[in-house]
Structure formats: structure tokens, C-alpha cells
Amino acid sequence: MTGITRNLSKRAGAERTLSARWLKGAYQGSRWLLPLKPLGALYQCIMARREQAYRSGNKAIWKAPVPVIVVGNITLGGTGKSPLVAWLARWLVAQGWSPGIVTRGYGGKASSYPLFVTASTNVSESGDEPLMLAQQTGLPVVADPKRVRGVQALVEAGCDIILSDDGLQHLALSRDIELLVVDGARGLGNGHCLPAGPLRESPNRLHRVDAVVVNGDLQHALPVTSATFMQLAPQCWRRLKDGVRFPLVPLPFTLPVHAVAGIGNPERFFRTLSTLGIKGDWHPLADHQQYGADALNFAEPRPVIMTAKDAVKCNALAPPDSWVLEVEAALPPEFEYWLAARLSAIS
């Protein structure tokens, strides 16, 4: 490793540490963020004015010729949007729909857009979440920073309903149903907008969506009286090198392990591993972590456990004894009844 590479690696590590410290403080209500409250109030005002500009017609909104369901959040740090999108995709197929998924494609850079993402697309072009969704659902997935253009491509491809992953703040795209996902363990943090807290919008946004979906058990009060509760249920272990799946028990690998998680909330993944009896060293990484050649070469050789989001970036560099914990969202029947009724009314 050259001196320049070492310096860049140290700088990236310092940035991750600072970002993690800020995010922890934003969710735990650390007092050192209080001086930033005026900036948070200014940010909230800017976002409110932006939303009003779309509502009043001063900014253009494009309406698709098919229903659009937006899944998003108002907090930084990961809430479980993508598992909900995958669940919705499978549910819609079972109801006779032909869904397509549109996403910004964060972390990817394609030579041209819209980019139709397949299970074999290079992750450097698509980004990790679009590739993961394409592999999990087998449905048309389009990555495009301009979501309207991406939706148009999906409609032209024959999709009769659109799922927009992380599109709550992309107001240029009209939507028929808005689903807002909240991490039950962290809630809305200190309740302040960036940079004083983790919120992208005012907490009042929860009153203007069609449904609030809480991922896990709710441990903090929300400014709404009702919500749907979602659980992320472990399904199986997938061996990364060949894709073979194994049941959760008995374990197909030995303990202890190295567990890595480059997602918005790594601690949620590590808690899940603990409930499954997995012991070892936890390695939290930045969301959308870009893996280098030596990223998974630990001093003590052990099995490596990772999320599906990390796995799409690690096929070529992970050690042979690497495993993916596959999880699926589980939602109550009442949510299915409600969603079916809403779609029937829209159609």
C-alpha cells in the first residue's frame, strides 16, 4: 500500500468515525448538537417551502399513467425501506400486477440512464441497493437520478404499477400511495432537522403520508396515533461463493465469526445475529461502503457474515467461507387488506 493510499484510507476512516459520532448524537440527543438548532430550523423551513412550491403548482409534477407507490423515510441512517420494497414487489406479483422498481441508484455511476438493472449488472454502475433488489425480486429495476425518466422507461417496458424506493422527497414524481418507514428502535431521534438532528423533513410529514410503517418494536413515541408494524425475519444462510442456501439451524459455519455491515444501521444487523446465537467480532461500516481488496482480510481467519446489501459488492473479493444472512419483511394481514382496498380504489 502506497503512502497516498494509506493517507486516503486514514482520511476515509476519520470521516466515517465523525459521521458515526454525529449520527449517534443525533439519535441520542447529545447536547453538543444544540448550537446547530437554528440551522436545523432553517433547513426545515427550506424543505417546507419546497413542498409548498410543488403543491401550489409553481414546480412541475409529472403523473404516471399507472399507480405509483413511494416508499421512503424522513431520517438518515437506514430504516428498512428496501426490505419493504421487496415485500411489496412479491405481494403485487401475487395479486396479478406487473410491478417495476425505480431507484436513484446511489453509489453507482452508469454511462447512460435510465439503467435497467439485472442480476448480473456491475454494482459500480447500478449501486448496491438496485442490484440487491433485482437479485431478490427478479423484476424490472431501473436506476436513474431522474426518477420521472426511470418511471417512463418502466411503463414503456410493460410495468402496470411502480414502486419508488427512497422517493419520498422526490416530489417531481406524483404518487398515489406514500409509505413512510421508521426504525422502531431509534424513532425520529432528537426530533430536529439536519444538521442538528437526523430528520430530512419536519416530523409533521408523518401526518401527510398514507401509512407509517414501523420496522421492529417501537421504543420512542411518534406524532401519529396509528402505525403498521413490520418485522425483518431471518430466512436462511446463503453461501456467497456459490449461492447455496442453508437453514438457520444447524449453523453451516463455525463460531466465532467476523460480521460486517455497511448499511444505514449496522447495529440492527448485529442484534439479529446475536438473537440467532452468533458470536464473534462486529465490524460496522459506512452505509454503501465501497470495499477494497483487503477489506475482508482479517488478522484472525474466521467465517465472514454479511448483509445482502454488502454481498453484491463482495463476490469477487470475499474469502471462501463467507455467508449472507437472508431476511424478509413480514407485515400483518390488516396491512394487506388496506393496501388491496387502496389499489382497488385507485384502479
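This is a short tour of the structure, stop by stop.

The model is predicted, so local features need pLDDT of at least 70 and side-chain atom pairs count only at pLDDT 80 or more, while totals for chains, interfaces and linings use all residues. Residues are numbered from 1 along each chain as its sequence is written, and side-chain values use heavy atoms, with hydrogens and water left out.

**Stop 1: the cores**

Select L84, L88, L179 and M306. Within the largest nonpolar core, of 46 residues, these have the most contacts. A nonpolar core is a set of buried Ala, Val, Leu, Ile, Met, Phe, Trp, Tyr and Cys residues joined through side-chain atoms within 4.5 Å. Buried means under 20% relative accessible area, exposed means over 50%, and partly exposed is in between (1.4 Å probe, protein chains only).

Which helix gives this core its largest share? Color helix 3, residues 81-94: it supplies eight residues. Helices (H or I, at least four residues) and strands (E, at least two) are DSSP runs, numbered from the N terminus.

Now center on L84. Leaving out residues up to four places away in sequence, L84 touches V71, L179, V181, V213, M230, A329 and L331. Contact here means heavy atoms within 4.5 Å. Then find the second, separate core: it has 24 residues, including V70, L154, L206 and V212.

**Stop 2**

An α-helix has 3.6 residues a turn, so residues three or four places apart point the same way. W87 is buried at 11% relative accessible area, and W91 is buried at 9%.

The structure holds eight aromatic pairs. Rings of Phe, Tyr and Trp (its six-membered ring) pair if their centres lie within 6.5 Å; planes under 30 degrees apart are stacked, over 60 edge-to-face, and the rest tilted. W87 and W91 form a stacked pair, 6.2 Å centre to centre with 10° between the planes.

**Stop 3**

Select residues 128-137. Is helix 5 largely enclosed or open? Eight of its 10 residues are buried, so the rest of the structure largely encloses it. Among the buried ones are D128, E129 and P130. After the helix comes G138, with a positive phi near 70°.

Next, select K313, in the loop between helix 8 (308-311) and strand 13 (322-330). K313 is buried, at 12% relative accessible area. Its side chain makes a polar contact of 3.0 Å with the side chain of D128. A polar contact is a pair of N or O atoms within 3.5 Å; within protein, one must be able to donate a hydrogen and the other to accept it, and residues adjacent in sequence count only if both atoms are side-chain atoms. A polar atom of the K313 side chain also lies 2.7 Å from the backbone oxygen of Q289.

**Stop 4: buried or exposed?**

Jump to V68, in strand 1 (residues 68-72). V68 is buried, at 1% relative accessibility. Show S164 too: it is 96 residues from V68 in sequence, and the C-alpha atoms are 7.2 Å apart.

Finish at D217, in the loop between strand 7 (211-215) and strand 8 (228-239). D217 is exposed, at 56% relative accessibility. Its C-alpha is 5.2 Å from that of G184, 33 residues away along the chain.
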